[in-house]
Amino acid sequence: MRSTPRRLFGALALAPLLAGCFVSGEDGSDAGGSGARLKVALAVPPVQALSPYSNDATVLSKLSVAEGLTALDEDGVAVPALARSWKQKNATTWVFELRKATFQDGTEVTAESVVNALDHAGEAETRPRVLSDVTLTAKAEDADTVTISTKNADPVLPLRLASPALGILAAKAYAKDGSVSPVGTGTGPFQITKLTGKTKAALDRYDGYWGGKAKASGIDVTWIADGTARANALRGGDVDIAEWIPTAQAKLLDEDTRHEVPSVRTDSLILNTGSGIFTDASLRAAARAAVDGSALVDSVFGGYADPAQGLFGPAVSWAADKRVEVSGRADAATAAQVKAGTKGKTLRLATYTNRSELPEAASVLQQQLEKAGFTVKQDVREYTQMEADLLAGKYDALVFSRVTLLDTGDAVAYLSSDFTSDGVYNIAGLKDSKVDQAIKSAAVEGDAARRQQKVMRAEAEILRTDAVVPLVHEQAVQGIATDVEGVLLDPRERSLVDLDTRLK
């Protein structure tokens, strides 16, 4: 059990280093005045009206709308959130004691409300990625005590419960048709009061927050998919915070508004092993041999990236020393064999516009793949317009940017959701028994060092299949106006604004 307060993820040096969103007055005292509203530009418009069961979940975390039973500190360690403490009863059973808190609709956070929230997540038509390799059974022992059990041992359950997808919402959030609305139903210091389609949202400070009052009176969110437009909005003073500044725009910003963040984000070429031309392992190997991610570092990312060493990059500090050599790959088809094997077929290469570097990277990769004998056609759209097609296997390849430690802060959840046979985010359509077994072995390992080593063995098994070709490890650039302090610079991209973020 951990009972230390959550610490800030690299908060701006110009702000006092506070103990994060769990510090300011658990007695409900005012943490700050009635500060001005913050204007924030986010990159990826909502897919499902900010449902926590979609990629929208991170918005609820970034804007401090919803909380889980636990949170992650900057070291990736589980720390208290709605649960004030916990203990492991046995290999499959954990007991969580809740703190006194209320939902934004005025109802109390109780053990029954936690069970209700977790049950809905487990029964969702599209299960959250974080539950792709585990089934949770939650039971209310009394008003403030929840017992959570898993079928198999889950050594990282407290990390799993910190996932934005497992935020605890009030009962009224869950509709009979399976939809979930976080509007006015979270527990964080900011509550959503209005959601305007996929373009805007208004959030007000929730003065009943158990951790104290936020220093900003609210947040006005605008979704701007075009990266240049986000940078221009910051330069023009239209927003105070603009996430994911394109690398081509970063050096055009004033130096004191440009903040570089080491990121656990890896950009890769995902190959569809389930249907189309890349069911042939030799053609996948030919694509892997043709692709050179290092060519993207300067030309596309302006130096804000490192050549990929695997699925996990420099921001995952333990990966390099534990990396396992890849063996057993298929032999790559020659250019002549590629042309013969794909005669009359076009490689459908997809990417999305939300990260402005990706279309440019796709153009570079297209040239590399065509030199290897492939005929390539690109499909470039906004991510929300293509996610369903990606998951349905309607493309041969995808230039993809993935936060590898997003869902739990534990690498196994990412590997399980993206690369196991029944993974809920398995865009590659990979079904490989050795991969499944390697990930399963890592999932049940309780010792941290051995778990990391097994993760790297699983990485090697995944790379053996050529279902994914890592390209670069990104460095994120966040744009922050000089009159803003307390912004969270999070390598996991789960945090951005909390109760200490404000205009000076």
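Let me begin with a definition: a residue is buried when its relative accessible area is under 20%. Keep that cut-off in mind. One more thing before we start: this is a predicted model.

Now take Thr 257. Is Thr 257 buried or exposed? Its relative accessibility is 11%, which is under the cut-off, so Thr 257 counts as buried. Where does Thr 257 sit? You will find Thr 257 in the loop between helix H5, residues 247-250, and strand E12, residues 258-271. And what does Thr 257 touch? Leaving aside residues up to four places away in sequence, Thr 257 touches Leu 234, Gln 478, Gly 479, Ile 480, Ala 481 and Thr 482.

Next, a sheet. Four strands make an open sheet, and their order is E4-E5-E7-E6. The pairing is antiparallel. Which strands stand at the edges? Strand E4, residues 83-90, and E6 do. Each has a single partner strand, so one side of each is left without a neighbour in the sheet. From one strand to the next, the twist averages 25°.

Let's walk through the pairs. Strand E5 covers residues 93-98, and five bridges join E5 to E7. Those two run antiparallel. Pick Val 95: its bridge partner in E7 is Thr 147. Helix H2 packs on this sheet and touches E5, E6 and E7. The direction of H2 makes about 170° with that of E6.

Now E6 and E7. Strand E6 is residues 136-142 and strand E7 is residues 145-150. How many bridges do they pair over? Six, in the antiparallel sense. Here Thr 137 has Ser 149 of E7 as its bridge partner. A hairpin of two residues links E6 to E7. While you look at these strands, remember a general point: side chains in a regular strand alternate between the two faces of the sheet.

On to the cores. The largest nonpolar core has 85 residues. Which residues have the most contacts inside this core? They are Leu 69, Phe 96, Ile 148, Leu 161 and Leu 203. H2, residues 111-123, gives the most to this core, with six residues. A second, separate core holds 70 residues. That second core includes Val 316, Leu 430, Ile 439 and Leu 463.

Go back to Phe 96 for a moment. Again leaving out residues up to four places away in sequence, its contacts include Leu 69, Ala 83, Trp 86, Val 146, Ile 148, Leu 157 and Leu 161.

Next stop, strand E1. E1 is residues 38-42 and is mostly covered, with four of its five residues buried. E1 runs parallel to strand E10, residues 218-223, and five bridges join them. E1 also pairs with strand E11, residues 241-242, in the parallel sense over two bridges. Find Ala 41. In E10, its bridge partner is Thr 222. In E11, Ala 41 stands opposite Ala 242.

Now helix H6, residues 281-290. Its buried residues are Leu 283, Arg 284, Ala 285, Ala 286, Ala 287 and Ala 290. What do they pack against? E12, helix H9 at 335-341 and helix H10 at 357-371.

Start with H12, residues 411-419, and H14, residues 448-464. They pack at an angle of about 25°, with axes 10 Å apart. That angle makes H12 roughly parallel to H14. Their crossing is left-handed. H12 brings Ala 411, Val 412, Leu 415 and Phe 419 to the contact, and H14 brings Arg 451, Val 455, Ala 458 and Ile 462.

Then H13, residues 433-443. Its axis and that of H14 come within 8 Å and cross at roughly 165°. So H13 is roughly antiparallel to H14. The crossing here is left-handed. The contact residues include Val 435, Ala 438 and Ile 439 of H13, and Lys 454, Val 455 and Ala 458 of H14.

Finally, H12 with H13. Their axes come within 10 Å and cross at roughly 155°. The two helices are therefore roughly antiparallel to each other. H12 passes H13 in a left-handed crossing. In this contact you will find Ser 416 and Phe 419 of H12, and Asp 436 and Ala 442 of H13, among others.

Notes. Residues are numbered from 1 along each chain as its sequence is written. This is a predicted model: local features need pLDDT of at least 70, side-chain atom pairs count only at pLDDT 80 or more; totals for chains, interfaces and linings use all residues. Side-chain values use heavy atoms; hydrogens and water are left out. Two strands pair if DSSP finds at least two bridges between them. A nonpolar core is a set of buried Ala, Val, Leu, Ile, Met, Phe, Trp, Tyr and Cys residues joined through side-chain atoms within 4.5 Å. Buried means under 20% relative accessible area, exposed over 50%, partly exposed in between (1.4 Å probe, protein chains only). Contact means heavy atoms within 4.5 Å. Axes are lines fitted to C-alpha atoms, for helices over the stretch in contact, and angles run from 0 to 180 degrees between N-to-C directions. Angles under 35 degrees count as roughly parallel, over 145 as roughly antiparallel, 65 to 115 as roughly perpendicular and the rest as oblique. A crossing is left-handed if the near helix is turned anticlockwise from the far one by less than a right angle, and right-handed if clockwise.
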